[in-house]
Amino acid sequence: IFSFLDIVTLCRCAQISKAWNILALDGSNWQRIDLFNFQTDVEGRVVENISKRCGGFLRKLSLRGCIGVGDSSLKTFAQNCRNIEHLNLNGCTKITDSTCYSLSRFCSKLKHLDLTSCVSITNSSLKGISEGCRNLEYLNLSWCDQVTKDGIEALVRGCRSLRALLLRGCTQLEDEALRHIQNYCHELVSLNLQSCSRITDEGVVQICRGCPRLQALCLSGCSNLTDASLTALALNCPRLQILEAARCSHLTDAGFTLLARNCHDLEKMDLEECILITDSTLIQLSIHCPKLQALSLSHCELITDDGILHLSNSSCGHERLRVLELDNCLLVTDVALEHLEHCRGLERLELYDCQQVTRAGIKRMRAQLPNVKVHAYFAPVTPPTAVGGNGPRLCRCCVIL
């Protein structure tokens, strides 16, 4: 019974009696611990005490946001909890390469490691991880901006079972880093390269050829990419389900046409600020991607009501589409909202700065789709005032209907 309780309840139970204290604090009840809700209170000694009590029972620990935890306490943790499989250190900004050395030495069973925003992490950490944590399947290095291609090479040589690698904001990475991933990570299904602005088509082509099982790829902010990257995805990664390509302003209808015709499992696409695409892309997605659930077209200013018509009348529009973002699509009007009435599963619609969309149009659509949340942004309204008066103006407002 105690094994089903969360840590707060266990601590309360431990205060009932001596017998309950022994039961509640037994290490077998503390296999999964999340301290995020207590992050401001967690210091190193807390982690050390938990590790001594839980020992080999602990499988999963989240210290997300616990900025008071440093290398010394995590060394003690690693020594005591050698069966740990899932460790989240997101935002633990005090830790350095020393923590990764400890994990490498004592935690060989580690499968999931999140080092997001651990800005002191360098290539040395990745070398250590590759030597001691060869079972690693998930690694998040987002915003660890000291990591370079040399660190990635060391990592992938040792951790060949990686299935998810998140490298958001690792701004020093270039195409050569992707070549190393291509050579060693053939099981990779998820890769995030957001804001890795030095990446070019050459690197993406290498990834696509070496990682044919890829299902999720984020290229947002990789502004050098062209249709050559989409072509490589289309020809090599037929299982692709998620593509995020926001702010890739050189991508065109030609690339997305080929992608849609080859990647029929696409479920989520972020095309924000892909400013060259037109209704042609929507037509191809409507025909070839019946599983599409979420689509962002914000700031795609060439999209019109006709494109929304094709999307709404498709099988994905009728059955799957849940989220549609059309912020700043200046050619979209109330007519598009009439088309979207056919999307019975639509849950959220973004219409900020769609200047030809009116309140009346939104209300008509919501009469047919009462459960949809619509976010819109309307121009100032000046209420009537007495002759010669200076009545109040209503400022621009964000409206959720």
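This is a predicted model: local features need pLDDT of at least 70, side-chain atom pairs count only at pLDDT 80 or more; totals for chains, interfaces and linings use all residues.
Over residues 1–35 the chain is 40% helix and 9% strand, with 22 Å between the end C-alpha atoms.

| Annotated residues | Helix | Strand | Distance between end C-alpha atoms |
|---|---|---|---|
| Residues 1–35 | 40% helix | 9% strand | 22 Å |

**The protein as a whole**

The protein contains 16 helices and 15 strands. Its C-alpha trace spans about 75 × 55 × 45 Å along the principal axes. Of the 401 residues, 50% are buried.

The chain is divided into three parts: domain 1 (1–29), domain 2 (30–287 + 298–309 + 328–333) and domain 3 (288–297 + 310–327 + 334–378). The centres of domain 1 and domain 3, taken over C-alpha atoms, are separated by 49 Å.

**The largest pocket**

Rolling a probe the size of a water molecule over the atoms shows where empty space is left. The largest pocket holds about 350 Å³ of space. It is lined by 14 residues, and those closest to its centre are Cys11, Trp30, Leu35, Val46 and Ile50. By class, the lining of the largest pocket consists of 11 nonpolar, one polar and two charged residues.

Helix H1 (7–13) and helix H3 (44–54) each contribute at least two residues to this lining. H3 gives the most, with five residues.

**The largest cavity**

The count of cavities of 30 Å³ or more comes to one. The largest cavity has a volume of about 30 Å³. Its lining is formed by Asp334, Leu337, Glu338, Glu341, Gly361, Arg364 and Met365. These residues divide into two nonpolar, one polar and four charged. Helix H15 (334–340) and helix H16 (359–368) each supply at least two residues of the lining of this cavity.

Which residues of helix H11 (residues 253–262) are buried? They are Asp253, Gly255, Phe256, Thr257, Leu259 and Ala260. The elements that cover these buried residues include helix H10 (227–236), strand E9 (242–244), strand E10 (268–270) and helix H12 (279–288).

Leu214 is located in the loop between helix H9 (201–210) and strand E8 (216–218). Is Leu214 buried or exposed? Its relative accessibility is 0%, and therefore Leu214 counts as buried, the cut-off for this class being under 20% relative accessible area.

When neighbours within four places in sequence are left aside, Leu214 is in contact with Leu188, Val189, Ser190, Leu191, Ile207, Cys237, Arg239 and Leu240. The C-alpha atom of Leu214 is separated by 9.5 Å from that of Ala164, a residue 50 residues apart from Leu214 along the chain.

**Two residues with positive phi**

Ser195 is not a glycine, yet its phi is positive, with a value near 65 degrees. Ser195 belongs to the loop between strand E7 (190–192) and H9. Because its relative accessible area is 21%, Ser195 is classed as partly exposed.

Asp353, which is likewise not a glycine, has a positive phi of about 60 degrees. The loop that holds Asp353 runs between strand E13 (348–351) and H16. With a relative accessible area of 24%, Asp353 is partly exposed. The class of partly exposed residues covers values between the cut-offs for buried, under 20%, and exposed, over 50%.

Methods:
Residues are numbered from 1 along each chain as its sequence is written. Side-chain values use heavy atoms; hydrogens and water are left out. Domain bounds come from an automatic or database domain assignment. On a 1 Å grid over the protein atoms alone, a cavity is a set of points where a 1.4 Å probe fits but cannot get out, and a pocket is an open set with protein on both sides within 12 Å along at least five of seven lines; lining residues have an atom within 4 Å of a point. Grid points are joined across faces, edges and corners, and a volume is the space filled by probe spheres set on the points. Helices (H or I, at least four residues) and strands (E, at least two) are DSSP runs, numbered from the N terminus. Ala, Val, Leu, Ile, Met, Phe, Trp, Tyr, Cys and Pro count as nonpolar, Asp, Glu, Lys and Arg as charged, and the others, Gly among them, as polar. Buried means under 20% relative accessible area, exposed over 50%, partly exposed in between (1.4 Å probe, protein chains only). Contact means heavy atoms within 4.5 Å.
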